[in-house]
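Welcome, and please get your viewer ready. We will take a short walk through the model, one selection at a time.

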Amino acid sequence: MYGDIVILSGAGISAESGIPTFRDSDGLWNNHRIEDVATIEAYERHPEQVHDFYNGLKIDLQKARPNPAHLAITELQNGYRNGTVSVVTQNVDLLHEKAGNRNIYHIHGQIDQAVCMNCGRITDARGEVTTETLCAGCGMAATLKPNIVFFGENLLRMNEVDALLDKCRLLIAVGTSGAVYPANTFARIARYHGADTIEFNLHATVNSYDFDRHVIGRAGETFPRFIKELLAES
Ligand code: OAD
């Protein structure tokens, strides 16, 4: 019996929907250099190349469908009576939304948005964005950046996430390598505030020691099973 629950998701939760992760053998960062497509310096040096990368990724992400792990979260949110269930995701895909999840916090941004580097306005960007695209707020060209947190930028919605981590009684990490700060500190923070912590992954991760329990296997199989048990207990 727990109170509030925070689910921290990473690329591994979307792997069974056909979306490549970042650091596995077929991962995005094996085929692209972070310095070329995921830093502010890259965006300033060659914005066309950065837009091309995210326009291509967007097409792939838009085609993807949620898998049983995403759907299990909706089941939990519909059936859980002992507190709120929040989803803090590092993923820029929209599979949590497509699965009907609620209380979603995209701390690394989302692929269907752009942010203007001139006026700060966030706009819908489901289609292609180029250096020619005008900002709907200030009307400037060449100022739109994918609304994705690049290395060296601040994460989004962190005040709200900090409050969730303080209050939750169970933190569940699904499909994240624990390689990226600060998401890789969330389990430690939640545990410090008294939460139980559980990790779902294909194998142990670099911060496995922050978790009380480890469930090894494909999240699409292990996670829905766990959710059923959790709902039966609650
Ligand atoms: P990673 O690619 O670093 O890690 C994915 C994790 O998912 C690995 O630990 C895999 O073992 C695990 N995994 C893969 N398939 C799985 C499956 N079917 N079931 C369970 N686990 C599985 O991805 P993240 O941890 O999400 O940032 O990476 C964090 C951030 O690094 C990303 O948000 C991204 C990247 O730079 C941005 O794009 C802003």
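**Stop one: the cysteines**

Searching the whole structure for disulfides (pairs of cysteine sulfur atoms within 2.5 Å) turns up zero. Select Cys119 to begin: it takes part in no disulfide, and the nearest cysteine sulfur, at 3.7 Å, belongs to Cys135. Cys119 has a relative accessible area of 38%, so it is classed as partly exposed (between the 20% under which a residue is buried and the 50% over which it is exposed, with a 1.4 Å probe and protein chains only). Next, pick Cys138, also in no disulfide; its nearest cysteine sulfur is that of Cys116, 3.7 Å away. Cys138 is partly exposed too, at 32% relative accessibility.

**A note on the model**

This is a predicted model, in which local features need pLDDT of at least 70 and side-chain atom pairs pLDDT 80 or more, while totals for chains, interfaces and linings use all residues. Residues are numbered from 1 along each chain as its sequence is written, and side-chain values use heavy atoms, leaving out hydrogens and water.

**Stop two: the ligand**

Zoom in on some polar contacts (pairs of N or O atoms within 3.5 Å):

- Arg23: a polar backbone atom lies 2.8 Å from a ligand oxygen.
- His108: an N or O atom of the side chain is 2.8 Å from an oxygen of the ligand.
- His203: here the distance from a side-chain N or O atom to a ligand oxygen is 3.2 Å.

How much of the ligand's accessible area does the protein cover? The protein covers 96% of the 800 Å² that the ligand has on its own (by the Shrake-Rupley method with a 1.4 Å probe).

How values were computed:
A polar contact is a pair of N or O atoms within 3.5 Å; within protein, one must be able to donate a hydrogen and the other to accept it, and residues adjacent in sequence count only if both atoms are side-chain atoms.
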